[in-house]
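Please read these notes with the model open beside you. They go through the structure point by point.

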Amino acid sequence: MTGLLTSWGEWLPRLLEGLVTSVELTAASLLLGIPLGLVLALLSSSRTRAVRWAAIALVEIGRGTPALVMLQFVYYGLPSAGLSLTAFVSAVAALSLTTAGYTSEILRGGLQAVPAGETEAAGALGMSHRDTLRFVVVPQGVRIALPSLMGFAILIFQATSLTFTISVVELLSQAYSIGAATFRYLDVLVLAGLLYLAVTIPAGLLTNRTERRLSRHL
Amino acid sequence: MSAVAQEPAVVLDRIHKQFGDLVVVRDVSLTVARGEVVAIIGPSGSGKSTLLRCINLLERADSGRVEVVGRAVEPGAGVAGRDLAALRRSVGMVFQSFNLFPHMTVLRNVSLPQERVLGRSRAEADARSRQLLERVGLAAKADTYPSRCSGGQQQRVAIARALALDPEVMLFDEPTSALDPELGLEVLAVMRELAADGMTMVVVTHEIHFAADVADRVVVMADGAVLEEGTPEQVLRSPSTERARRFLSAVVDR
Ligand SMILES: Nc1ncnc2c1ncn2[C@@H]1O[C@H](COP(=O)(O)OP(=O)(O)O)[C@@H](O)[C@H]1O
Ligand SMILES: [Mg+2]
């Protein structure tokens, strides 16, 4: 037992380094993907048919393509189209697209939950469609969608482990290379698993709390 | 009636509106003079709300002409953005369900449209908002959220929000129907004052007392058409059609 703890102590710095990369990947994917998701959610109810269809197509691609395939496509596929990105940038690009696809659906649900009477009142007051979205619909829609967005953020954090397949040095990849050097895969994977849980469990609790608080307010 | 100016505030000319095959408003014409208060009553489903919403183009009439303070549009032939904006600016509307923005304080609810629609600065808008909140008896509620206000208070905020844009005509669609009677009274009191101050008002209502006391003219609608119209005494005391008589006896006895 003490042997295991000593080894864990030795491995921990490298795994924490990997964890930081995983968190950075998650943050970057959410920061790019959620605004893109919001734009797609708004465009998917555009009055211009071509715009609406383009947005819906992007959403379906983002949602329908497995994250692993998206990663492989961006990292291995795009260079043959003349665009090579580093592993980290590829991972951010791929996970952002997936995030955009999923969160646009989540946000669309939130936007649609804003009572039509408020939009109508804003129109009757003479507010433009744009101002109505900006000041009335989007702030409330995002707030309604917040718990689901947080739930999704936890999923995308877990999905960062897939980026080890395109050699991003995140938590799982650090664990594998330690495993390869020591042949103690199980021990190191358990520690890596605990580190994932150390993020996802508090994040899950926070999500539940947010959900309760928002439902109390509305 | 004596203070009413000559140019009409609202002219509806042969307004026709249908949803699919359902004809909801059939060739209704109605003129509202400046400063006049018109009450529209009638059984539910008779097209009162739809007619009212045709005035500020929340519903686009299929045919007919809508004229507000001299500016005319024919919704069936399309409405230019500029005309829509001008029309909405001169017409305020109060809904049965208040429709305040729940994520904003009472003050922001009243100030935001002024800033966005009239281009007032935050300070100007807030000053005007506070003045109007004072007028509807809610100065103390400025910094609270709508969910912390009673229905009657929310409706008075909604009135202040519409008035803040200095409309020339105010439309009310059953403003007290969602309220307990005593809360409805607060709202009716504000509306009485507004009428006394000379505001042009078109009010869809089930409040027969309000119609009798405040309206210059009462319009009875049934099945998408105007059944009867005249002064409150004429219409409420001695309706000329059997249909209007039946409707009135039902609401007066309630
Ligand atoms: N947006 C709509 N789509 C379809 N039918 C509608 C719509 N709005 C109103 N109606 C129908 O039109 C009729 C008149 O409605 P409304 O104008 O609300 O009557 P009132 O206000 O007198 O109760 C009703 O039968 C109603 O169901
Ligand atoms: Mg109605």
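1. Contact here means heavy atoms within 4.5 Å. By that rule, 20 residues of chain B are in contact with 17 residues of chain A. The model is a predicted one, in which local features need pLDDT of at least 70 and side-chain atom pairs count only at pLDDT 80 or more, while totals for chains, interfaces and linings use all residues. Residues are numbered from 1 along each chain as its sequence is written, chains are lettered from A and ligands numbered from 1 in the order in which they are written, and side-chain values use heavy atoms, with hydrogens and water left out.

2. The size of an interface is often given as the accessible area lost when the parts come together. Between chain B and chain A the buried area (the accessible area, with a 1.4 Å probe, that two parts lose on being put together, summed over both) is about 1,600 Å². Carbon and sulfur atoms give 64% of this area. Of the area that chain B buries against chain A, 34% comes from Phe101(B), His103(B) and Arg116(B), more than from any other three residues.

3. Chain A has 8 helices and 0 strands. Both kinds of element are DSSP runs, numbered from the N terminus: helices are H or I with at least four residues, strands are E with at least two. The C-alpha trace of chain A spans about 70 × 50 × 20 Å along its principal axes.

4. UniProt, in an unreviewed entry, places the feature "domain: ABC transmembrane type-1" at residues 19-207 of chain A. UniProt positions are given in the numbering used here, feature names are shortened, and annotations may be inferred rather than shown by experiment. Residues 19-207 of chain A are 81% helix and 0% strand in the model, with the end C-alpha atoms 21 Å apart. The unreviewed entry also lists residues 20-43, 81-102, 144-168 and 188-207 of chain A under "transmembrane region". In the model, residues 81-102 of chain A are 73% helix, with end C-alpha atoms 26 Å apart. Residues 188-207 of chain A are 100% helix, and their end C-alpha atoms are 29 Å apart.

5. How do helix 1 and helix 7 of chain A pack, and at what angle? Helix 1 (residues 2-43) and helix 7 (residues 171-182) of chain A meet at about 150°, with their axes 7 Å apart. Axes are lines fitted to C-alpha atoms, for helices over the stretch in contact, and angles run from 0 to 180 degrees between N-to-C directions.

6. Chain B has an open sheet of 4 strands in the order 2-1-4-5, with antiparallel pairing. Two strands pair if DSSP finds at least two bridges between them. Strand 2 (22-33) and strand 5 (71-73) of chain B are at the edges with a single partner strand each, so one side of each has no neighbour in the sheet. Strand 4 (residues 63-68) of chain B is joined to strand 5 of chain B by 3 bridges, and Val68(B) stands opposite Arg71(B). Helix 2 (residues 81-90) of chain B lies across strand 4 and strand 5 of chain B, at about 125° to strand 5 of chain B.

7. An open sheet of 6 strands in chain B has the order 6-7-8-3-9-10 and mixed pairing. Strand 6 (91-94) and strand 10 (225-230) of chain B are its edge strands; each has a single partner strand, so one side of each is left without a neighbour in the sheet. From one strand to the next, the twist averages 20°. Strand 3 (residues 37-41) and strand 8 (residues 200-204) of chain B run parallel and are joined by 4 bridges, with Ile40(B) and Val204(B) as bridge partners. Helix 6 (residues 181-196) of chain B packs on this sheet, touching strand 3, strand 7 and strand 8 of chain B.

8. The last point is a hairpin. Strand 9 and strand 10 of chain B pair in the antiparallel sense over 5 bridges, and Ala222(B) stands opposite Ala225(B). There are 2 residues between these strands of chain B, and Asp223(B) takes a positive phi near 50°.
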